[in-house]
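I opened this notebook to record what I looked up, item by item. Each entry below keeps to one topic.

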Amino acid sequence: MKIKIKRINPNATIPTRGTKDSAGYDLYACTEHNIIIQPHETVKIPIGICTEMIKNTVALVYSRSGIATKKGLVVCQGTGVIDSDYRGEWFVPIHNDTNKIQTIEPKERIAQVIFTDFIVPDFEESECLSTTERMRGGFGSTGK
């Protein structure tokens, strides 16, 4: 899969993988100064890049385990979605889930992105659905 990438800030870092077998590509803060994030505050961090992906591809942005466990900084909403038709600058909303002020430094790895294909379904409205063993059992219905 080819993804066109454009630096819109000359200081931007192209996403990298930590190892050759890593699924995620690290995203780097593109800022000239430290960014202060107050306790329980969310801040949009610029990445400094734009992309062009093929149709039916999506970039899913996730928290990095290191920054999440060491600093309590996570991607707001759990996962970010960058659609293939989006051509603007990438930003990552980072949430400080601690009671301490946290700092993002320039070029710090703040999140990771995984690229994947997705299915575009045709919805068919129906009055009944097939029977399953689970049926309407909700959260925790399959036991511990």
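**Entry 1, the core.** Before looking for a nonpolar core I wrote down what the term covers: a set of buried Ala, Val, Leu, Ile, Met, Phe, Trp, Tyr and Cys residues joined through side-chain atoms within 4.5 Å, where buried means under 20% relative accessible area. I also noted that this is a predicted model, and I read every entry with that in mind. With that settled, I found that the largest nonpolar core has 24 residues, and that Val 92, Ile 104 and Ile 110 are those with the most contacts inside it. I then looked up which elements give two or more residues to this core, and they are β3 (35-37), β4, β6 (57-63), β7, β9 and β11 (109-117). Of these, β11 gives the most, with 3 residues.

Next I traced an open sheet of 3 strands, which lie in the order β4-β9-β7 with antiparallel pairing. The edge strands are β4 (42-46) and β7 (73-75), each of which pairs on one side only. Neighbouring strands of this sheet are turned by 40° against each other on average, direction ignored. For β7 and β9, which pair in the antiparallel sense, I found 3 bridges, and here Val 74 has His 95 of β9 as its bridge partner.

Not counting residues up to four places away in sequence, Ile 82 touches Met 53, Val 58, Ala 59, Val 61 and Trp 90. I also checked Ile 82 against Glu 41, which is 41 residues apart from it along the chain, and their C-alpha atoms are separated by 22 Å.

How many disulfides does the structure hold? I found 0. The sulfur of Cys 30 has its closest cysteine sulfur in Cys 50, at 11 Å, and this is too far for a bond, because a disulfide needs the sulfur atoms within 2.5 Å. Looked up from Cys 50, the closest cysteine sulfur is that of Cys 30, again at 11 Å. Cys 30 is buried at a relative accessible area of 7%, and Cys 50 is buried at 10%.

Last, I went to the loop between β9 and β10 (102-104), where Thr 98 has its place. At 18% relative accessibility Thr 98 counts as buried, since the limit is under 20%. Its side chain makes a polar contact with the side chain of Asn 96, at 2.6 Å. Not counting residues up to four places away in sequence, Thr 98 touches Pro 39, His 40, Lys 71 and Gly 72.

Technical notes. Residues numbered from 1 in each chain as written. Predicted model: local features only at pLDDT ≥ 70, side-chain atom pairs only at ≥ 80, totals over all residues. Heavy atoms only, no water. Pairing = 2+ DSSP bridges. Helix = DSSP H or I, 4+ residues; strand = E, 2+ residues; numbered from the N terminus. Axes fitted to C-alpha atoms, helices over the stretch in contact; angles between N-to-C directions. Contact = heavy atoms within 4.5 Å. Buried < 20%, exposed > 50% of the residue type's maximum accessible area, 1.4 Å probe, protein only. Polar contact = N/O pair within 3.5 Å; in protein donor to acceptor, adjacent residues only side chain to side chain.
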